[in-house]
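Subject: Structure handover

Hello,

Here is the structure I said I would pass on. Please look it over before reading the notes below it.

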Amino acid sequence: MDKMYYVPVNGKMRPLNWSMEVMFNTADKFGSVTDALNAITTETRESVGAIRWLLVQLVNDAELLRRNEGYEHDPLLTEEDIIIDRPGKYQMYKEAILKAFDIGYEREVEDPKAEIDLGLAELNSKKEKAGE
């Protein structure tokens, strides 16, 4: 639950979860995640629909995860539940979606310095043997 971004939707803070399932659904709908990103950043009438669709996917995915972890159930959303009536709300939802994407792609490494590049370690090992 700590890898989610929260945004107010209809007066309630709702978590957004960028999961593998949402990633695949997004690629199916838009052709690729890159195409989805382009769709929400173009600031056209179509981008409003893309934002609504993505927001529903992200909120509902987070809600199903919450339910699986035993939290009290919030209602699942439909695109009709997402009202984007002002440019400020449009911008807020767009930024929330982008932030959820970023969080979803973060790697879970506690200490980045402790991460070992296995390929580099193997090359160094071969260099050491060759230099003996």
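Helices and strands in what follows are DSSP runs, numbered from the N terminus: a helix is a run of H or I of at least four residues, and a strand a run of E of at least two. By that rule, asparagine 17 falls in the loop between β2 and α1. Please keep in mind that this is a predicted model.

Overall layout

The chain holds five helices and two strands, and their order along the sequence is β-β-α-α-α-α-α. It has 132 residues, of which 33% count as buried. Among contacts with a separation of 6 or more, 65% are between residues 24 or more positions apart.

Asparagine 17 has a relative accessible area of 12%, so it counts as buried. Its side chain makes a polar contact of 2.6 Å with the side chain of aspartate 61. Leaving out residues up to four places away in sequence, asparagine 17 touches Lys3, Met4, Val22, Leu58, Asp61, Ala62 and Leu65.

Aromatic pairs

The search of the whole structure gave three aromatic pairs. In one of them, tryptophan 18 and phenylalanine 101 have ring centres 3.9 Å apart and planes at 35°, which is a tilted arrangement. Tryptophan 18 is in the loop between β2 (12–16) and α1 (20–30) while phenylalanine 101 is in helix α4 (residues 87–105), so this pair ties together parts 83 residues apart in sequence. Both tryptophan 18 and phenylalanine 101 are buried.

Another pair is formed by phenylalanine 30 and tryptophan 53; their centres are 5.6 Å apart and their planes are at 75°, so the pair is edge-to-face, a class that needs an angle over 60 degrees. Here too distant parts of the chain are linked, with phenylalanine 30 in helix α1 and tryptophan 53 in helix α3 (residues 45–68), 23 residues apart. The relative accessible area of tryptophan 53 is 11%, so this residue is buried.

Ring pairs also join Trp18, Phe101 and Tyr105 into a cluster.

Threonine 26 sits in helix α1 and is buried, with a relative accessible area of 0%. Not counting residues up to four places away in sequence, threonine 26 is in contact with Trp18, Gly31, Ser32, Val33, Ala36, Trp53 and Leu54.

Helix α2

Serine 32 caps the N-terminal end of α2, with a side-chain oxygen 3.4 Å from the backbone nitrogen of threonine 34. Just after α2, glutamate 43 has a positive phi of about 55°.

The buried residues in α2 are Val33, Ala36, Ala39 and Ile40. They span an arc of only 115° around the axis, so they are on the same side of α2. In general, an α-helix has 3.6 residues a turn, so residues three or four places apart point the same way. The buried residues of α2 pack against α1, α3 and α4.

Alanine 39 is in helix α2, and its relative accessible area is 19%; the cut-off for buried is under 20%, so alanine 39 still counts as buried. Apart from neighbours within four places in sequence, alanine 39 is in contact with Phe30, Ser47 and Ala50.

Helix α4 has 19 residues and covers 27 Å from its first C-alpha to its last, close to the 27 Å expected at 1.5 Å a residue. Its buried residues are Lys89, Tyr90, Tyr93, Lys94, Ala96, Ile97, Ala100, Phe101 and Ile103. The cover over them includes β1 (5–9), β2, α2 (33–41) and α3.

The largest nonpolar core has 26 residues, and the members that touch the most others are Leu16, Leu55, Leu58, Ile82, Tyr93 and Ile97. At least two residues of this core come from each of β1, α1, α2, α3 and α4. The greatest contribution is from α3, with eight residues. Isoleucine 97 touches Leu16, Ile40, Ile51, Leu54, Leu55 and Leu58, not counting residues up to four places away in sequence.

Regards

Conventions: Residues are numbered from 1 along each chain as its sequence is written. This is a predicted model: local features need pLDDT of at least 70, side-chain atom pairs count only at pLDDT 80 or more; totals for chains, interfaces and linings use all residues. Side-chain values use heavy atoms; hydrogens and water are left out. Rings of Phe, Tyr and Trp (its six-membered ring) pair if their centres lie within 6.5 Å; planes under 30 degrees apart count as stacked, over 60 as edge-to-face and the rest as tilted. Buried means under 20% relative accessible area, exposed over 50%, partly exposed in between (1.4 Å probe, protein chains only). Contact means heavy atoms within 4.5 Å. The expected span of a helix is 1.5 Å times one less than its number of residues. A polar contact is a pair of N or O atoms within 3.5 Å; within protein, one must be able to donate a hydrogen and the other to accept it, and residues adjacent in sequence count only if both atoms are side-chain atoms. A nonpolar core is a set of buried Ala, Val, Leu, Ile, Met, Phe, Trp, Tyr and Cys residues joined through side-chain atoms within 4.5 Å. The arc is that of the directions from the helix axis to the C-beta atoms.
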